[in-house]
Amino acid sequence: MQYRIDSARARAIYDSRGRPTIEVELRAGTTVGRGIAPAGASTGAFEAHELRDPLHYGVSRACAAFAAEIAPALIGADCRDQQRIDTRLIALDATPQRSRLGGNTLIATSLAVLQTAAAAAGEPLWRHLATQNDLTMPLPEIQIIGGGAHAQGRIDLQDIMVLPVGAPDWPTALQWCARVYHSLAGILADAGQLRGVADEGGFWPDVAGNEAVLELTVAAIEKAGLRPLDDVAISLDVAANQFARDGGYHLRADAANFTGAQWVEQLARWCRRYPIVLVEDPCAEDDRAHYAAFRTQLHGLRGDARIVGDDLVVTNAARIDQAVHDGLIDAALIKPNQAGTITEAHAALMRCESHNILPIVSARSGETEDTTVMHLAVGWQAPLIKVGSITRGERTAKWNEGLRIAEQLQGGGVIRPLPARH
Ligand code: PGA
Ligand code: ZN
């Protein structure tokens, strides 16, 4: 079997928002491996920068940078040397946030190297990455309503997700979430509020204000014949960066301005009233005092509730260290393109484990049919995965790949219950 990379090219393909994105294709003998960069719409200030053309979101500069500087460095390399290649990519870029060659160029390359190594070894990626035999499936966070930057600010909360905490296995988890999704469709249709979907396939919220979506979600869980909290809980991505203004929070859908302290109170009120167990980015990434204050309040409300850092920590091991040290988070999203290489994303995940917080492997709002994140979540044994809704091909590609993987695991894809909070 040949592991030496002997051909490397990049091309522009299209993502789920119809925007170009870079795909890298490598060959080692007859083996082919591809990597595709996803794209975020609500990004953290410290994540890897995308290299895009001035017009039309183009990636021709990214593809040109690949051809001129990265491809020559890859030819002849052993595709199993992931860490060495990633270190080389970081050195070639030589900027703190990968802005010269582009985080998109780097992650597409890094993922292509990984896929080539798995294919050359004749293994599916999840098995190639796994370090143990008794593998379990992650718990999926599945979006049912989309807001914020994914729905032109129609509501301020970005992701209203369901978390099938009581589901014993992957097929049941997906089935429960699909039932809730369809129940909500029925409720919205009956009320004349069914309008279509946001960027990740969750319903576009035609509602009176932010709290209404929480009310609707509980109603949908009950209508699906499931018990709120015990079977299916709510996970919220507040993505508060998007509506932080002048040291406070401006909620357009509620026509209300909050100080940091008032905003934390408001969120806590919602968490008391609704079965919310995960809250992502409750405050802006630079509002660490209120981030911490909200975590303390949330811990007092419910023993199993957790704060998730996304824009706050941007898949960066050092930022995860600092956030844990400052008492801000109980979990962190792991988005490979926020880091720029698979080696750095894996280091961030390992750092979560060493701090006893939960890593959540996550897709972006701009995605393709690529299923790599599902393989990473299983191979790395992440406790949770976040991919968007249960509709739209770029989302179902991942969930359905999970069904295929689950079939091959002992017990048909048992979901490991989340450990107690630390
Ligand atoms: P993004 O949103 O991919 O648009 O950044 C996802 C998230 O905030 O978790
Ligand atoms: Zn987020």
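User: How much space lies in the largest cavity?
Analyst: About 140 Å³. Bear in mind that this is a predicted model.

User: Which residues are closest to the centre of that largest cavity?
Analyst: Ile36, Pro38, Glu367, Asp370 and Val373 are the closest to its centre, out of 16 residues that line the largest cavity.

User: And which helix gives the most to that lining?
Analyst: Helix H12, residues 372-379, which contributes 3 residues to the lining of the largest cavity.

User: How does the lining of the largest cavity split by class?
Analyst: There are 8 nonpolar residues, 4 polar ones and 4 charged ones.

User: How many cavities of 30 Å³ or more does the count come to?
Analyst: The count comes to 2 cavities.

User: Which residues lie nearest the centre of the second largest cavity?
Analyst: His150, Gln158, Glu200, Lys335 and Ser365 lie nearest the centre, and the second largest cavity is lined by 18 residues. Strand E14, residues 384-388, supplies the largest share of that lining with 3 residues.

User: Switching to pockets. What volume does the largest pocket have?
Analyst: About 360 Å³. The largest pocket is lined by 19 residues, and those nearest its centre are Leu129, Thr131, His346, Gly379 and Trp380.

User: Which helices supply at least two residues each to the lining of the largest pocket?
Analyst: Helices H2 (82-93), H3 (103-120), H4 (125-129) and H11 (342-354). The largest share comes from H11, with 6 residues.

User: What's the class breakdown for the largest pocket?
Analyst: Its lining has 9 polar, 8 nonpolar and 2 charged residues.

User: What about the second largest pocket, what is its volume?
Analyst: The second largest pocket comes to about 300 Å³. It is lined by 20 residues, with Leu139, Val165, Asp304, Arg306 and Leu418 the closest to its centre.

User: How do the residues of that lining divide?
Analyst: In the second largest pocket, 14 lining residues are nonpolar, 5 are charged and 1 is polar.

User: Let's step back to the whole chain. How many helices and strands are there?
Analyst: The protein has 13 helices and 14 strands.

User: What percentage of the residues is buried?
Analyst: Buried residues are 59% of the 422 in the protein. The accessible surface comes to about 15,700 Å², and carbon and sulfur atoms account for 50% of that.

User: What share of the contacts with a separation of 6 or more is between residues 24 or more positions apart?
Analyst: Such pairs account for 70% of those contacts in the protein.

User: Now backbone details. What is phi like at Tyr57?
Analyst: Phi of Tyr57 is positive, near 60 degrees, and the residue is not a glycine. Tyr57 sits in the loop between strand E3 (31-36) and helix H1 (60-74).

User: Why does Tyr57 count as partly exposed?
Analyst: Because its relative accessibility is 41%, which falls between the 20% limit for buried and the 50% limit for exposed.

User: And Thr315, where is it found?
Analyst: Thr315 is in the loop between strand E11 (306-309) and helix H9 (317-325). Thr315 also has a positive phi, about 55 degrees, although it is not a glycine.

User: Is Thr315 buried or exposed?
Analyst: Thr315 counts as buried, because its relative accessibility is 2%.

User: Last one, Ser362. Which strand is it found in?
Analyst: Ser362 is in strand E13, residues 358-362. Ser362 is buried, with a relative accessible area of 3%.

User: What does Ser362 touch, not counting residues up to four places away in sequence?
Analyst: On that basis Ser362 touches Leu333, Ile334, Lys335, Pro336, Val373 and Lys386. Of these, Val373 is also among the residues closest to the centre of the largest cavity, and Lys335 is among those nearest the centre of the second largest cavity.

Terms used:
Residues are numbered from 1 along each chain as its sequence is written. Chains are lettered from A and ligands numbered from 1 in the order in which they are written. This is a predicted model: local features need pLDDT of at least 70, side-chain atom pairs count only at pLDDT 80 or more; totals for chains, interfaces and linings use all residues. Side-chain values use heavy atoms; hydrogens and water are left out. On a 1 Å grid over the protein atoms alone, a cavity is a set of points where a 1.4 Å probe fits but cannot get out, and a pocket is an open set with protein on both sides within 12 Å along at least five of seven lines; lining residues have an atom within 4 Å of a point. Grid points are joined across faces, edges and corners, and a volume is the space filled by probe spheres set on the points. Helices (H or I, at least four residues) and strands (E, at least two) are DSSP runs, numbered from the N terminus. Ala, Val, Leu, Ile, Met, Phe, Trp, Tyr, Cys and Pro count as nonpolar, Asp, Glu, Lys and Arg as charged, and the others, Gly among them, as polar. Buried means under 20% relative accessible area, exposed over 50%, partly exposed in between (1.4 Å probe, protein chains only). Contact means heavy atoms within 4.5 Å. Accessible areas come from the Shrake-Rupley method with a 1.4 Å probe; for residues, only the protein chains shown count as cover.
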